[in-house]
Amino acid sequence: MARKSKGTILFVDDEPSYIRSYINELKEAGHKVIFVQRVGAAWRKFIKHHTHLCCVILDVMMPPGKKYKNDPRVGDGHTT
C-alpha cells in the first residue's frame with residue numbers, strides 16, 4: 001500500500017549532484033519533491049503547484065556573499 005505524501009517540496013539548486021542525497025532523504029521521509037535547476041523554471045513550477053507546496057528550498061550550497069539577482073519573483077537580493 002502506498003504511503004500518503006507528507007507534502008510537496010520545491011527544491012531549487014544549480015548543482016544537482018551535490019544535493020541528490022537531500023532529495024532522496026526527503027522522498028524516503030514521504031515527501032514529493034519537485035526539483036529544478038533554474039529560477040525561471042522554479043517560478044513556473046511554483047505558480048503551477050503553489051497550493052500543494054509545503055516548502056521551497058533554494059540553493060543549499062550558496063557561497064557566502066553571493067546574491068540572487070534582484071528579481072521581484074525571487075526576493076530583494078539579500079546576501080546569504
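Hi everyone. Read along the sequence, today's protein follows the pattern β-α-β-α-β. That comes to 2 helices and 3 strands, where helices (H or I, at least four residues) and strands (E, at least two) are DSSP runs, numbered from the N terminus.

A word on where the numbers come from. This is a predicted model, in which local features need pLDDT of at least 70 and side-chain atom pairs count only at pLDDT 80 or more, while totals for chains, interfaces and linings use all residues. Residues are numbered from 1 along each chain as its sequence is written, and side-chain values use heavy atoms, with hydrogens and water left out.

Let's start with the sheet. What is the order of its 3 strands? The sheet is open, with the order E2-E1-E3 and parallel pairing; two strands pair if DSSP finds at least two bridges between them. E2 and E3 stand at the edges with a single partner strand each, so one side of each has no neighbour in the sheet. On average, neighbouring strands here are turned by 20 degrees against each other, direction ignored. For angles, axes are lines fitted to C-alpha atoms, for helices over the stretch in contact, and values run from 0 to 180 degrees between N-to-C directions.

Now to the pairings of E1. E1 and E2 pair in the parallel sense over 6 bridges, with Ile9 opposite Val33 and Phe11 opposite Phe35. On the E3 side, 5 bridges join the parallel strands E1 and E3, and Leu10 has Val56 as its bridge partner.

How many of the residues of E1 are buried? The count is 6 of 6, and buried here means under 20% relative accessible area, exposed over 50%, partly exposed in between (1.4 Å probe, protein chains only). Gly7, Ile9 and Phe11 point one way from the strand, while Thr8, Leu10 and Val12 point the other way. The chain then crosses from E1 through H1 to E2, and this β-α-β crossover is right-handed: with the strands pointing away from the viewer, the path from the first strand over the helix to the second runs clockwise.

Let me zoom in on Thr8, in strand E1, residues 7-12. Why does Thr8 count as buried? Because its relative accessible area is 10%. Thr8 touches Lys32, Ile34, His52, Leu53, Cys54 and Cys55, leaving aside residues up to four places away in sequence; contact means heavy atoms within 4.5 Å.

On to the helices. H1 covers residues 16-28, and its 13 residues reach 17 Å from first C-alpha to last, close to the 18 Å expected at 1.5 Å a residue; that expected span is 1.5 Å times one less than the number of residues. Ile19, Ile23 and Leu26 are buried in H1. As a reminder, an α-helix has 3.6 residues a turn, so residues three or four places apart point the same way. The buried residues of H1 pack against E1, E2 (31-36) and E3 (53-58). H1 lies across these strands, running at about 160 degrees to E2. Helix H2, residues 39-49, also packs on the sheet, touching E1, E2 and E3, and its direction makes about 145 degrees with that of E2. After H1 comes Gly30, with a positive phi near 105 degrees.

Finally, the whole chain. Of the 80 residues, 28% count as buried. Among contacts with a separation of 6 or more, 54% come from residues 24 or more positions apart. Thanks, everyone!
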